[in-house]
Amino acid sequence: MTTKTLKASAAGTTFIPALFAVVLGLGIITLTGHVQASALHDAAHDVRHATGFPCH
């Protein structure tokens, strides 16, 4: 009986999460850059109420 060992390369395992972080970050920056300030405020306000944090 022989056992085969597979080695994962360190570069391959860190590339996908890094790429995901970059795409997510660019998406957040793009969305927040094009939305009106009042919409961002209202969304944050609603999330605070939904999670139980007092805001006023």
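Author: The model is a predicted one. Its protein chain exposes about 5300 Å², and carbon and sulfur atoms supply 71% of that area. The chain holds two helices and zero strands.

Reader: How many of the residues of the protein chain count as buried?

Author: Of its 56 residues, 0% count as buried. To be given that label, a residue must have under 20% relative accessible area.

Reader: Why does phenylalanine 15 count as exposed?

Author: Exposed requires over 50% relative accessible area. Phenylalanine 15 has 52% relative accessibility, and therefore counts as exposed. Its place is in helix α1, which covers residues 10-34.

Reader: What makes up the nonpolar surface patch that includes Phe15?

Author: Phe15, Ile16, Leu19 and Val23 make this patch, with an area of about 410 Å². Nonpolar side chains are joined within 5 Å.

Reader: What span does helix α2 reach, and what is expected at 1.5 Å a residue?

Author: Helix α2 runs over residues 37-51, 15 residues in total. From its first C-alpha to its last it reaches 21 Å, close to the expected 21 Å. Just after α2, glycine 52 takes a positive phi of about 90°.

Reader: Why is histidine 45 called partly exposed?

Author: Histidine 45 lies in helix α2. Its relative accessibility is 25%.

Reader: What makes the link between histidine 45 and histidine 49 a polar contact?

Author: The side chains of the two histidines are joined at 2.9 Å, and the cut-off for such a pair of N or O atoms is 3.5 Å. An α-helix has 3.6 residues a turn, so residues three or four places apart point the same way.

Reader: Which residues does histidine 45 contact beyond its neighbours within four places in sequence?

Author: Cys55 and His56 are in contact with histidine 45, contact being heavy atoms within 4.5 Å. Histidine 45 and histidine 56 are 11 residues apart in sequence, and their C-alpha atoms are 9.9 Å apart in space.

Methods. Residues are numbered from 1 along each chain as its sequence is written. This is a predicted model: local features need pLDDT of at least 70, side-chain atom pairs count only at pLDDT 80 or more; totals for chains, interfaces and linings use all residues. Side-chain values use heavy atoms; hydrogens and water are left out. Helices (H or I, at least four residues) and strands (E, at least two) are DSSP runs, numbered from the N terminus. Buried means under 20% relative accessible area, exposed over 50%, partly exposed in between (1.4 Å probe, protein chains only). Accessible areas come from the Shrake-Rupley method with a 1.4 Å probe; for residues, only the protein chains shown count as cover. The expected span of a helix is 1.5 Å times one less than its number of residues. Patches are made of residues with over 30% relative accessible area and no salt bridge: like charges are joined within 9 Å, nonpolar side chains (Val, Leu, Ile, Met, Phe, Trp, Tyr) within 5 Å. A salt bridge is a side-chain nitrogen of Lys or Arg within 4 Å of a carboxyl oxygen of Asp or Glu. A polar contact is a pair of N or O atoms within 3.5 Å; within protein, one must be able to donate a hydrogen and the other to accept it, and residues adjacent in sequence count only if both atoms are side-chain atoms.
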